[in-house]
Amino acid sequence: MRRDLVLRVVAKLLIPFVLLFALYVQFHGDFGPGGGFQAGVIIAAAVIFYAIVFGLPATRRLVPDWIVESMVSAGVLVYGGVGVAGLLLGGNYLDYFVLAHDPVHGQERGIFWVEAGVAITVSGVMMTIFYMFAGRRREPDEA
Amino acid sequence: MVLLTMMAALTVAIVVQRNLFAVVVLAGIYSFLMATVLVALDAVDVAMTEASVGAGISTVLLLAALHLTRGDEVKPMRRPMLPLAVATVVGAALVYGTLGLPAFSDPQAPIHTHVVPRYLAESLKETGVPNVVTSVLASYRGYDTLGETTVVFTAGAGVIALLRRRRREEPGK
């Protein structure tokens, strides 16, 4: 599919908007439907779309393996870090009330970082699974 | 009702179909119908997850996996009578279990009288987040979501552990 001009142009046009929509889903999750999980999946979908049209090697140059694999663990660390930050500031684990000067702002801040952690891990895992599956060759006897 | 009938028809089609490519596409359609059902039930957040994960990413991942295997289901060696019996019994038990559930959208159901009224009434005041789904997910039930994220992380780590070693061995062959 790498030589198909229409697909390439449409993909280049669409992918920025897909990523923008992912950010919208992420940050608007407080007000409408959406949140970290959905946004992470949409980010991964944009990258996978790029990989299907432009090929896996080009995608691996754009989003290298080490970034994807560190995203897998970074998200959980961010989430756990929010909990530890609550502990250090004198609250319970994952207690957001202490994260800012007043409880409501603390809650908003906590939810923001927690959702960010979820989005990072989910998109990292989805991309990892795709890279691993798509990067494998067929067994010679079946090709 | 129309949606559920279409989903039942799709399930039969998936079971009968032997070509795995068609099965993957049908499963994607099934997920989209499920998402539509969830929208009809006013569960927009879940519908969004179902549409993006069930219909989108899983279809692509299954196609990627299909690329590595053969495209047709192998005929089973024996007639699967025992699995059929187990599936029938479990299905009957589940249907029997649903008879004991409260009626759909019954306001007196236990799930609507325990903590939900407090979440609905206090969520905006306590967290400043208008979407109650988000505040329950990320704040009130933060431990559960941490567990979920860890499950996703474990899945990714498992895939890396299983499939990456194979790739490293290949150049040495």
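Predicted model: local features only at pLDDT ≥ 70, side-chain atom pairs only at ≥ 80, totals over all residues.
The interface between the chains involves 41 residues of chain B and 46 residues of chain A. Four helices of chain B, namely H3, H6 (116-127), H7 (132-140) and H8 (142-169), each supply at least two residues of the side that touches chain A. H8(B) gives the largest share of that side, with 16 residues. By class, the side of chain B that touches chain A holds 22 nonpolar, 14 polar and 5 charged residues.

One helix pair bridges the two chains. The crossing of H2(A) past H3(B) is left-handed.

On the chain A side of this pair, H2(A) contributes Phe37(A), Gln38(A), Val41(A), Ile42(A), Ala44(A), Ala45(A) and Ile48(A). These meet Met48(B), Thr49(B), Ser52(B), Val53(B), Gly56(B), Ile57(B) and Val60(B) of H3(B). The contact of H2(A) with H3(B) has 10 nonpolar and 4 polar residues, and no charged residues.

Within chain B, helix H2 covers residues 20-40. H2(B) has 21 residues and reaches 30 Å from its first C-alpha to its last. That span is close to the 30 Å expected at 1.5 Å a residue. Asp42(B) follows H2(B) and has a positive phi, near 65°.

Definitions and conventions. Residues numbered from 1 in each chain as written. Chains lettered and ligands numbered in written order. Left-handed = near helix turned anticlockwise from the far one by under 90°. Contact = placed C-beta atoms within 7 Å. Nonpolar A, V, L, I, M, F, W, Y, C, P; charged D, E, K, R; others polar. Expected span 1.5 Å × (residues − 1).
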